[in-house]
Amino acid sequence: MEVGVVGLLRTAWIAATLPIFIAALPFSWLSSFRGAVWGFAKRGKTMQTSSQKFTVPQKFFCHFYLVAVAWTTVLLVATLMYAYKAVPLVSDSLLHPSLSNPFTGGSHIFSWHKSLSIPISYKYSVWRSSLRRLFETIYVFNYSSSARMHIFGYLTGLFFYTAAPLSLCCNNILDIYKFSINGVAEFIVKGKSSMREVEFDWLQLVNSLLKLGWLQWIGAAIFVWGWIHQRQCHAILGSLRENSEQNDEYVIPHGDWFEIVSSPHYLAEIVIYAGLLVASGGTDLTIWLLFGFVVTNLALAAAETHRWYLRKFESYPKKRRAIIPFIY
């Protein structure tokens, strides 16, 4: 069944990425297909206000981050409980993959680097990032009441923020699920008084984090770098929306990575997921496919945004690229 979960996720990422990749191919006979895919990706200023069919308000973006925060919280808590209760961090099972897990009948190999796609600290980073995005969507972006997004884009967002957190722990999700179900069943049958207490040894936790490999630390640095720039770019966009509400007019954004690309917040998102990829060691195909979808999806949206800027402003900076500095 574990192979089934991993295979299903990989198939889903390939199925989601393939249409975008095909639409990007420079063949004239794909123009109709390309137009359909680009139509699904349009939202906000890139979508014509007269086109209301099969659309939802762009402020529904907050639904993505509500789902992400709730789902990532569940996965984070379940993984923490599994790691501390079923296979404590202080045991040698984190360093020796031959030690089996008694809670799964000895059939699963639990290893810090192999069984967990991303260390728990990085799952926490994803949760915190989703929480920040939820706050920004509600209080910073100030979406116009007329801003819309295609329903297909909305459904794609819900899919992404459900499948992405799951992909980061898919290699051990079956054991976490079994452990969680057994814990709930034990609580129902025996009650709270008979449940074993979870004792956290924070010193051992810190020591375990200090033993992380150089790839994990480099990945963390890349993640934080992208996180900081995305926050700054979102603040710039939020301030522009406040001004546009007063002036009823779009302006060219400036500052931070806006000086080199039209969609720096998308570039920062790619950097964030690149950090997760590096932290995972780069050996998990599922995370590679997740990263591929992030790059292709954001590149498509950034290209449409860049074309809109060029049409809207005659004085738009010529040196700016869509999403990849100096290249695309």
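The model is predicted, so local features are reported only at a pLDDT of at least 70 and side-chain atom pairs only at pLDDT 80 or more, whereas totals for chains, interfaces and linings use all residues. Residue numbers start from 1 along each chain as its sequence is written, and side-chain values use heavy atoms, with hydrogens and water left out.

Let us start with the overall architecture. The protein chain holds 10 helices and two strands, where helices (H or I, at least four residues) and strands (E, at least two) are DSSP runs numbered from the N terminus. In sequence order, these elements give the pattern α-α-β-α-α-β-α-α-α-α-α-α. Of the 328 residues in the protein chain, 46% are buried; buried means under 20% relative accessible area, exposed means over 50%, and partly exposed lies in between, with a 1.4 Å probe and protein chains only. The accessible surface of the protein chain is about 17,300 Å², and carbon and sulfur atoms account for 66% of it. These areas come from the Shrake-Rupley method with a 1.4 Å probe, and for residues only the protein chains shown count as cover. Contacts (heavy atoms within 4.5 Å) were also counted: among those between residues at least 6 apart in sequence, 79% join residues at least 24 apart.

An unreviewed UniProt entry lists residues 12-41, 62-84, 151-174, 209-228 and 285-303 under "transmembrane region"; its positions are given in the numbering used here, feature names are shortened, and annotations may be inferred rather than shown by experiment. In the model, residues 12-41 are 77% helix and 0% strand, with 18 Å between the end C-alpha atoms.

Helix H5 covers residues 151-167, and its 17 residues reach 24 Å from first to last C-alpha, close to the 24 Å expected at 1.5 Å a residue. The expected span is 1.5 Å times one less than the number of residues in the helix. Buried residues of H5 include Tyr-154, Gly-157, Phe-160, Tyr-161 and Ala-164. An α-helix has 3.6 residues a turn, so residues three or four places apart point the same way. Helix H6 (residues 173-190) has 18 residues and reaches 25 Å, close to the expected 26 Å. In H6, Ile-173, Leu-174, Asp-175, Ile-176 and Phe-179 are buried.

Thr-72, in helix H3 (residues 61-86), is buried at a relative accessible area of 3%. Its side chain reaches the backbone oxygen of Ala-68 at 2.6 Å, a polar contact, that is, a pair of N or O atoms within 3.5 Å; within protein, one must be able to donate a hydrogen and the other to accept it, and residues adjacent in sequence count only if both atoms are side-chain atoms. Gln-230 lies in helix H8 and is buried, with a relative accessible area of 1%; the side chain of Gln-230 reaches the backbone oxygen of His-265 at 3.2 Å. Gln-232, also placed in H8, is partly exposed at 35% relative accessibility.

Leu-212, in the loop between helix H7 (202-210) and H8, is buried at 8% relative accessibility. The C-alpha atoms of Leu-212 and Ala-279 are separated by 9.7 Å, although the two are 67 residues apart along the chain. Most residues other than glycine have a negative phi. Asp-256, however, is not a glycine and has a positive phi of about 50 degrees; Asp-256 sits in the loop between helix H8 (214-247) and helix H9 (264-279) and is partly exposed at 28%. Phe-326 likewise has a positive phi, of about 70 degrees. Phe-326 falls in the segment after helix H10 (285-312) and is exposed, with a relative accessible area of 69%.

Finally, the cysteines. With a disulfide taken as a pair of cysteine sulfur atoms within 2.5 Å, the count is zero. Cys-170 is in no disulfide, and the nearest cysteine sulfur, that of Cys-169, is 7.2 Å away. Cys-170 is buried at 0% relative accessibility, and Cys-62 is buried at 17%.
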